[in-house]
Amino acid sequence: MRTLTVKLIALLLLIAGLASAAPVAIIVSNDVPVDDLSFAEVRKVFLGERQFWNPKLRVVLLMRAPVAPERDVVLRSIYQMSEAQFRQYWISKVFRADVSAGPKIVYSTEMANDLVTAIPGAIAFVDAAQIPKGLKVLKIDGKLPGDKSYPLR
Amino acid sequence: MHRLTTLFSAGLLLSLAAHAQSPTSGSDVARQNDLIQQLLRRIDQLESRVTELESSRAPKAPVPTEALVTPPSPPPAPAPSAVATHDHGTPITETVNTTFPNLKLSGFGDINYTASDRPGTHAGFNEGQFILHFSSALSQKVTYFGELSLTARTDAGTGTTPAPGFNPEVERSIIRYDQSDHLKISFGRYHTPVSYWNTEFHHGSWLQTTASRPEMIQFGGSFIPVHFVGALAEGSFNAGGLNLNYNLGLGNGRSSVLSRSGDFGDINNNKAWLATVFIKPDKLYGLQVGGSVYRDKLNATGRPEAQERITSAHVVWHKENPEFIAEFFNINHKLPGTGRVTNNQAWYAQVAYRLPMAMSLKPYYRYEYIHTPRADAIFSGLNLGLSSSTLGMRWDFSSYAAFKLEYRYQERPGLPNTNVAWAQTSFTF
């Protein structure tokens, strides 16, 4: 029985490894006049340095709550920050009067999908395997989540 | 999800098959067969549930905005860190709150203990500053920011009308219209954007690595004008990946007291102006390099009239492995009619490093230097000259609170050298 347990745990770890390597897609509401952004542009949007898609449409940034694997990918690759650094970054940004509020927290992929559909200018990131039809997925440097050398995984 | 379940099922069966090949007794085999049958039934149930869920995930019609005042599906109970949302992430119900104004309040505070061998000083606790910060979106494009400080007074309870224990001060009060990323126009009272530190950390001791600011930009100090009342235009441009940011300001400049801004009004008809530019190159994420120019006409009490020109430059590496901040200031004073010109210089360099094996700890060191020539008619008598080293350790004992322990060594012209020990707890709430 012990052998079985050990094998199951090993298998779960393997599956967890496969899951963590899954790409993270950047989704935006359909009114966002952008289809493709460079990685540097994506970073600026997530850092709150780019706050407008155009003068009439503000960026509304949605973030998954802590512990979500997609959030870990975004913190590691886009922000290059730890969870604590990320918190301090946004507190500091609001305090500097750069923005009036930090990103909004979403608690599930479905919630992110629904809100991106509904809120003009919204941008979020979700597991690329869980994007319903009809949502706009941003290319990063011309690449979609399934493509080789896609940066968010 | 289906792929994961299939993988999990296949792996489970393989594991069970491998386990079944090991030598076991007859009763063990029977128990294992039962277990296998139970697990297979469980897998069948899970697979059918996955199929059911996937079939129900057809594309949905857009959710009406008004329906989003409550979340579209009840979120699971979030982790405590998600509930304790500071400004880094507000609950989703606020995302769709399109009612204006929507005021948000946060705060900073610090408690200090200092001991020095400077004659006439006493070791003891100091309450530091109590800071309240307000931000409120008044519409999609108009936002208000305010910062209020309460600082303990040294003369509390003295005088014929006893002085209050704390000094209230409106540190910042800014209303801003955001036309786009390229142009934002605001009016109000600012921390003068001629110094990186002055506009990066404001009164939030918790935000800065060290216990206090460099001496040249101390609140209540006279070296640079820390506050600025007037109007500011700011924005950013991609500039080929350099990310050029700018500030252009016009305001009242210093008042008759050098350390104060012209809050009530200007003391002359000459407006102060400033221009700041800095870049944050895409290719060197974390780097910021910039400079500023500030011009004003001074009519300080007990000082001759003078033209003041401040030039400054900064280089910052924002990351914490290492963190690096360096600034340089030159303050030029020109006395009209006399041709007398003096230059006062100050600079500091600070380096810190977040320890990879103990992420809550960050040792740091800062050197700062101020030189004011004796011939300078504006700063004479203020004894601003300084050479100082600060060595310390920051310990982030919570996500929103830090403890800092510092040692400082200071040399001032004409005064005995001093050693200072400083402990501080700073926090945001």
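**View 1. Chain B as a whole, in a predicted model.** In chain B, residues 24 or more positions apart account for 52% of the contacts with a separation of 6 or more, a contact being a pair of residues whose C-beta atoms, placed from the backbone, lie within 7 Å. This is a predicted model, in which local features need pLDDT of at least 70 and side-chain atom pairs count only at pLDDT 80 or more, while totals for chains, interfaces and linings use all residues. Residues are numbered from 1 along each chain as its sequence is written, and chains are lettered from A and ligands numbered from 1 in the order in which they are written. Chain B holds 4 helices and 17 strands, where helices (H or I, at least four residues) and strands (E, at least two) are DSSP runs numbered from the N terminus. Of the 429 residues in chain B, 30% are buried; a residue is buried if 20 or more other C-beta atoms lie within 10 Å of its own, exposed if 12 or fewer, and partly exposed in between, with C-beta atoms placed from the backbone.

**View 2. Strand β11 of chain B and its two partners.** In a regular strand the side chains alternate between the two faces of the sheet. Strand β10(B), residues 287-298, runs antiparallel to β11(B) and is joined to it by 12 bridges, and strands count as paired if DSSP finds at least two bridges between them. Within this pairing, Tyr294(B) has Ile310(B) as its bridge partner in β11(B). With strand β12(B), residues 323-335, β11(B) also pairs in the antiparallel sense, over 11 bridges, and Gln307(B) stands opposite Lys334(B) in β12(B). A hairpin of 5 residues joins β11(B) to β12(B).

**View 3. An exposed glycine in a loop of chain B.** Gly265(B) lies in the loop between β8 (244-251) and β9 (272-279) of chain B. With 8 other C-beta atoms within 10 Å, Gly265(B) is exposed. Between the C-alpha atoms of Gly265(B) and His333(B), which are 68 residues apart in sequence, the distance is 22 Å.

**View 4. The crossing of helices α2 and α3 in chain A.** Two packed helices are described by the angle between their axes and the distance between the axes. Helix α2(A), residues 39-46, and helix α3(A), residues 69-79, pack at an angle of about 115° with their axes 10 Å apart; axes are lines fitted to C-alpha atoms, for helices over the stretch in contact, and angles run from 0 to 180 degrees between N-to-C directions. From α2(A), the residues Val42(A), Arg43(A) and Phe46(A) meet Val74(A), Ile78(A) and Tyr79(A) of α3(A). The residues of this contact divide into 5 nonpolar, no polar and 1 charged, where Ala, Val, Leu, Ile, Met, Phe, Trp, Tyr, Cys and Pro count as nonpolar, Asp, Glu, Lys and Arg as charged, and the others, Gly among them, as polar.

**View 5. The buried residues of the two helices.** In α3(A), Glu70(A), Val73(A), Val74(A) and Ile78(A) are buried. Seen down the axis of α3(A), these buried residues fall within an arc of 95°, so they line one face of the helix; the arc is that of the directions from the helix axis to the C-beta atoms. They pack against β1 (24-28), α2, β5 (60-64) and β7 of chain A. Just after α3(A), Gln80(A) takes a positive phi of about 55°. In α2(A) the buried residues are Val42(A), Lys44(A), Val45(A) and Phe46(A), and they pack against β1, β2 (36-37), β5, α3, β7 and β9 (139-140) of chain A. After α2(A) comes Gly48(A), whose phi is positive, near 75°.

View 6. In chain A, 5 strands form an open sheet of mixed pairing, in the order β6-β5-β7-β1-β8. At its edges stand β6 (104-106) and β8 (136-137) of chain A, each with a single partner strand, so one side of each is left without a neighbour in the sheet. The antiparallel strands β1(A) and β8(A) are joined by 2 bridges, and Ile27(A) has Val137(A) of β8(A) as its bridge partner. Helix α5(A) lies across β1, β5, β6 and β7 of chain A, running at about 150° to β7(A). Gly121(A) is placed in the loop between α5 (109-118) and β7 (122-127) of chain A, and it is buried, with 21 other C-beta atoms within 10 Å. Leaving aside residues up to four places away in sequence, Gly121(A) touches several residues, among them Ser29(A), Asp31(A), Trp53(A) and Val60(A).

Note on methods: Two residues are in contact if their C-beta atoms, placed from the backbone, lie within 7 Å.
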